[in-house]
Amino acid sequence: MSSPQGSDLLHPKRLVVVFDSSVVLQIIVTGQFRILRCLRSEFGVQSAIVPAVESEVSVIVENVPKFRGRREQFKKALRNRTLAIVNRDFLFQFVGAASDSWIRQIDAEGTRLYGFVDRGEAFTHAASIVLNALVATNDTTAVSRLVRMGETVPMPTLRFWDLLVFSHQVGWLSEKDCDDIRQFLHKIGERNHPCFSGHSFQDGLPHFYARLTCSEKLGIGAAEAQEKFDERVVLTRVNPIPHEHPS
């Protein structure tokens with residue numbers, strides 16, 4: 001698929017990752033927006049969501065018991081652009097006046113894909129495909145379906161646990177932090193990656209292929225691909241002195 005005339009969002013110092021609801025909700029419920037802030041400040045990675053996901057998450061944090069009470073946390077992340085919304089204003093910084101044509105194409109592709117996957121997934125993958133930006137999603141079924149249909153889904157697709165393992169690699173989260181998150185997700189009935197389902201973080205890590213890794217740190221996790229779509233993107237710090245650390 002060709003994109004409208006404009007700019008490439010995969011500029012080496014400005015990588016955009018489009019998040020779906022499944023990852024955003026796990027970030028919200030575990031209080032890990034700090035990971036997205038540090039990705040932006042240290043690595044130049046801007047996290048973003050499409051309006052369909054904004055609407056979907058807003059309804060869930062209002063109505064689903066295990067997520068209820070997190071509405072202000074989500075709204076704050078949108079206000080301070082920890083999570084940017086993929087709209088005309090957001091795209092203007094990359095493509096100027098051509099942003100309207102990009103939005104029209106995303107809307108058209110999202111409507112088309114909605115016939116095959118859920119609405120949030122459809123528009124998330126539409127934005128990813130049109131913008132040539134990575135996706136963060138836990139829904140491997142939707143990814144597999146789109147790939148079988150011949151859609152050019154940018155790879156790798158990132159999962160919630162790729163963010164946690166990356167954060168451990170660069171020192172933002174300790175081993176205990178990661179295992180506490182694993183146990184909490186299990187307690188509230190949220191799905192963990194199979195490597196960490198019924199296994200401690202320490203025991204599961206050697207079997208987890210990290211799709212996101214830092215060029216300046218020793219690699220962690222499995223050295224070889226473990227499952228379908230296991231590819232890797234390597235990030236390098238754009239700010240040699242970190243601006244922000246999670247606490």
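The chain carries 29 positive and 28 negative side chains, and the centres of these two sets lie 4 Å apart. The coordinates belong to a predicted model, and every value in this report is computed from them. The accessible surface of the chain comes to about 11,300 Å², and carbon and sulfur atoms hold 50% of it.

**Overall form**

The secondary structure of the chain amounts to 11 helices and 6 strands. With a radius of gyration of 17 Å, close to the 18 Å that the globule rule gives for 247 residues, the chain is as compact as a globular protein of that length. Taken along the principal axes, the box filled by the C-alpha atoms is roughly 50 × 40 × 35 Å. Of the 247 residues, 53% count as buried, and among contacts between residues at least 6 apart in sequence, 65% join residues at least 24 apart.

**Helix H8 and what follows**

Helix H8 covers residues 140-148, and its buried residues are Ala 142, Val 143, Ser 144 and Leu 146. An α-helix has 3.6 residues a turn, so residues three or four places apart point the same way. The cover over the buried residues of H8 includes helix H6, residues 99-113, and helix H7, residues 119-131. At the start of H8, a side-chain oxygen of Asp 139 comes to within 3.2 Å of the backbone nitrogen of Thr 141. Just after the helix, Gly 150 adopts a positive phi of about 90°. In the loop between H8 and helix H9, which spans residues 160-170, lies Pro 156, and the peptide bond that joins Met 155 to Pro 156 is cis, with omega at about 5°.

Most residues other than glycine have a negative phi, and most peptide bonds are trans. Arg 81 has a phi near 65°, a positive value in a residue other than glycine; Arg 81 is placed in the loop between helix H4 (71-79) and strand S3 (83-85). Phe 229 likewise has a positive phi, near 75°, and is a residue other than glycine; its place is the loop between strand S5 (212-214) and strand S6 (233-235).

**Pairs that are separated along the chain**

| Pair | Separation in sequence | C-alpha to C-alpha distance |
|---|---|---|
| Asp 118 and Glu 56 | 62 residues | 11 Å |
| Val 130 and Glu 109 | 21 residues | 8.2 Å |
| Asn 132 and Pro 154 | 22 residues | 6.3 Å |

Asp 118 sits in the loop between H6 and H7 and is exposed, with a relative accessible area of 56%. Val 130 belongs to helix H7 and is buried, its relative accessible area being 0%. Asn 132 is found in the loop between H7 and strand S4 (134-136), where it is partly exposed, with a relative accessible area of 36%.

Ser 167 lies in helix H9 and has a relative accessible area of 0%, which makes it buried. Leaving aside residues up to four places away in sequence, Ser 167 touches Ile 35, Trp 172 and Leu 173.

Arg 182 is part of helix H10, residues 175-187. Its relative accessibility is 12%, and because buried means under 20% relative accessible area, Arg 182 counts as buried. With residues up to four places away in sequence again left out, the contacts of Arg 182 are with Trp 161, Asn 192, Phe 196, Gly 198, His 199, Ser 200 and Phe 201.

Methods: Residues are numbered from 1 along each chain as its sequence is written. This is a predicted model: local features need pLDDT of at least 70, side-chain atom pairs count only at pLDDT 80 or more; totals for chains, interfaces and linings use all residues. Side-chain values use heavy atoms; hydrogens and water are left out. Buried means under 20% relative accessible area, exposed over 50%, partly exposed in between (1.4 Å probe, protein chains only). Helices (H or I, at least four residues) and strands (E, at least two) are DSSP runs, numbered from the N terminus. Contact means heavy atoms within 4.5 Å. A polar contact is a pair of N or O atoms within 3.5 Å; within protein, one must be able to donate a hydrogen and the other to accept it, and residues adjacent in sequence count only if both atoms are side-chain atoms. The radius of gyration is taken over C-alpha atoms; the globule rule is 2.2 Å times the number of residues to the power 0.38. Accessible areas come from the Shrake-Rupley method with a 1.4 Å probe; for residues, only the protein chains shown count as cover. Lys and Arg count as positive and Asp and Glu as negative; His and the chain ends are not counted. The place of a charge is taken as NZ of Lys, CZ of Arg, CG of Asp or CD of Glu.
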